[in-house]
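The exercises below are meant to be worked through with the sequence and the 3D structure at hand. Each one sets a task and is followed by a solution in steps.

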Amino acid sequence: MAGSEAAAPKVELRGVGLRYFGREGETEALQDISLSVAPGEFIAIIGQSGCGKSTLLSLISGILKPTEGQVLVDGQPVTGPTRKVGYMLQQDYLFEWRTILENAVIGAEIQGADMAKARERATQLLTRYGLGQFLHHLPRQLSGGMRQRVALARTLCTEPDVVLLDEPFSALDSQTRIALADEITEILRREGKTAILVTHDIGEAVSMTERVVVLSRRPGRVKSQHAIRYAANGGRPAPFAARNAPEFNGYFNTLWKELEVHVEG
Amino acid sequence: MSKADTAGGPQPARPPSPQYLDWLRRERRDRTMVRVSQLGLLVVFLVLWEALPRLGLINPLFTSTPSTIWPTFLELLKTTPQQASILVHTWATVFATVVGFTAAMVLGIAIAAALWWWANLYRVLDPYLVVLNAMPKTAFVPIFYIWLGATFSIYGMSLAISLFITVLMIYSGFQGIDPNKIKLAQTFGASKWQVLTKVVLPGSVPTLIAALKVNAGLSLVGVIVGEFQSATLGLGYLIQYGSQIFKMNIVMTSITILAIVSSLMYLAIYWLEIVVMRRR
């Protein structure tokens, strides 16, 4: 266990379970999940596909309600989506009928925030991410990596404290995903966000985050947790550098065994 | 990031290769071919229509001829049955059609939105919508005349013919919106109304245009059929009248105007589509 329980947790799950109901019966997706994330901490949740990783994020964001247990953000029970939590989905899902800037401010627009301020902040973010000259372009004119940076700006434009990342790089080619992992990690750390990354990519989890939570197969339970520490750069090297750090392979192999990856064949 | 890279600086100027010039030439030739063929078909049709009656191969009483259409048109400009110029008849038909498809569009979007909003409403109404759409609405022409009177039975028929297919098309467009786009709006706490107005409706614009294409044509059908029964005005009335007194010139002239009206409607929607889709 990481020593993150010292401060009041930013996000806390207490005995959370979720079952889906269908005509064929009920499916237990998550079972008795207890987890806490400290302010400013960046953790990863890994597990095989279908273990309920993404469901867990939907619970924290308030889109889904748990059938058992409680989800707390800042000590308050989550009853629906709040401005404190931003959610970055697997793909960018930019609206093709809106320009880049209009896409980036959609959260503020939905939340009824001050649009002038939102536009200013979105412009700032997009410019910082190297998209300053594309503000009035349409999404189809951008490459996959650029689109995902717009999605990040859209998530951060509403200034959430907690950022949920649901395999945000899965739709990208391998070079772009490694480059973008560096950028996004740097941005999240600099802004002091609490972040939860869901992925099935062990390398991504080990290189980007400070703690990795392993979920078991369905129904998903917390199987184990691993603190990730590097000697280099005050314990926080950039993900690309972390991949070359001496500790990386040890963590990678441990998690590989934990995941019990079996290739059927 | 290839797209942005190629969109960047201008390519160094190079003379086009002979192969490229050759390709351009072939492209241009193909395009001309298509246009010439399209025009050729029309010419062949008109020539046959003119020549066959003149050669005595078909009875001109049944078909009229293209050369008589223009004189007939000029004649009908001055006086027609019901003493109105043919332009007034045309306007009556066009106006009723516009009323018909506008009503079908507005009602269609509203009903489709209601079905989207209440999934159970859709489950209840689904079989009825499918059956109503498959029903031959023209069977109702006489009943509409009794229920709605001369003018409104025409609007009613126009709406009845185009409404159900419009609802079904728009609803299936709403269903086709990527659920993840809706999820994205929900992560920001979007209400159902916001999901409808910010995701579902703007995301369905291509479907709305496709529906408009279909229901504009159907509305015109409804108007003409309605006019057969009840009108004292309109191209449908002129066609009915002309055939009753066996004046094929009047019938064919009216039909030619209908063909022109249809083409103009098609062009108008085509331009609307270009303007709207430029934003995508």
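**Exercise 1. In this predicted model, determine which residues of α4(B) meet which residues of α12(B), and describe how the two helices pack.**

Step 1. The contact joins B:T68, B:I69, B:T72, B:F73 and B:L76, which belong to α4(B), to B:N249, B:I250, B:M252, B:T253 and B:T256, which belong to α12(B).

Step 2. Sorted by class, the residues of this contact comprise five nonpolar and five polar ones, while no charged residue takes part.

Step 3. Two packed helices are described by the angle between their axes and the distance between the axes. For helix α4 (residues 66–78) and helix α12 (residues 248–277) of chain B, the angle is about 90° and the axes are 9 Å apart.

Step 4. Since angles of 65 to 115 degrees count as roughly perpendicular, α4(B) is therefore roughly perpendicular to α12(B).

**Exercise 2. Find which residues of helix α9 of chain B are buried, and work out how they are placed around the axis.**

Step 1. Within α9(B), which spans residues 192–203, the buried residues are B:V195, B:K198, B:V199 and B:V200.

Step 2. Because these residues cover an arc of only 155° around the axis, they lie on the same side of α9(B).

Step 3. The cover over the buried residues of α9(B) comes from both chains, and includes α3 (106–110) of chain A as well as α5 (86–117), α7 (141–175) and α8 (179–187) of chain B.

**Exercise 3. Describe the side of chain B that touches chain A, by its helices and by the classes of its residues.**

Step 1. In the contact between the chains, 22 residues of chain B meet 22 residues of chain A.

Step 2. On the chain B side, α1 (2–7), α8 and α9 each supply at least two residues, and α8(B) gives the most, with seven residues.

Step 3. By class, the side of chain B that touches chain A consists of nine nonpolar, six polar and seven charged residues.

**Exercise 4. Compare the radius of gyration of chain A with that of a compact globule, and describe the chain's make-up.**

Step 1. Chain A contains nine helices and 10 strands, and its C-alpha atoms fill a box of roughly 45 × 45 × 45 Å along the principal axes.

Step 2. For 265 residues a compact globule would have a radius of gyration near 18 Å, so the 18 Å of chain A agrees with that expectation.

Step 3. Of the 265 residues of chain A, 45% count as buried.

Step 4. Among the contacts in chain A with a separation of 6 or more, 70% are between residues 24 or more positions apart.

Key
Residues numbered from 1 in each chain as written. Chains lettered and ligands numbered in written order. Predicted model: local features only at pLDDT ≥ 70, side-chain atom pairs only at ≥ 80, totals over all residues. Buried ≥ 20, exposed ≤ 12 C-beta atoms within 10 Å, placed from the backbone. Helix = DSSP H or I, 4+ residues; strand = E, 2+ residues; numbered from the N terminus. Arc of directions from axis to C-beta. Contact = placed C-beta atoms within 7 Å. Nonpolar A, V, L, I, M, F, W, Y, C, P; charged D, E, K, R; others polar. Rg over C-alpha atoms; globule rule 2.2 N^0.38 Å. Axes fitted to C-alpha atoms, helices over the stretch in contact; angles between N-to-C directions. Parallel < 35°, antiparallel > 145°, perpendicular 65-115°, else oblique.
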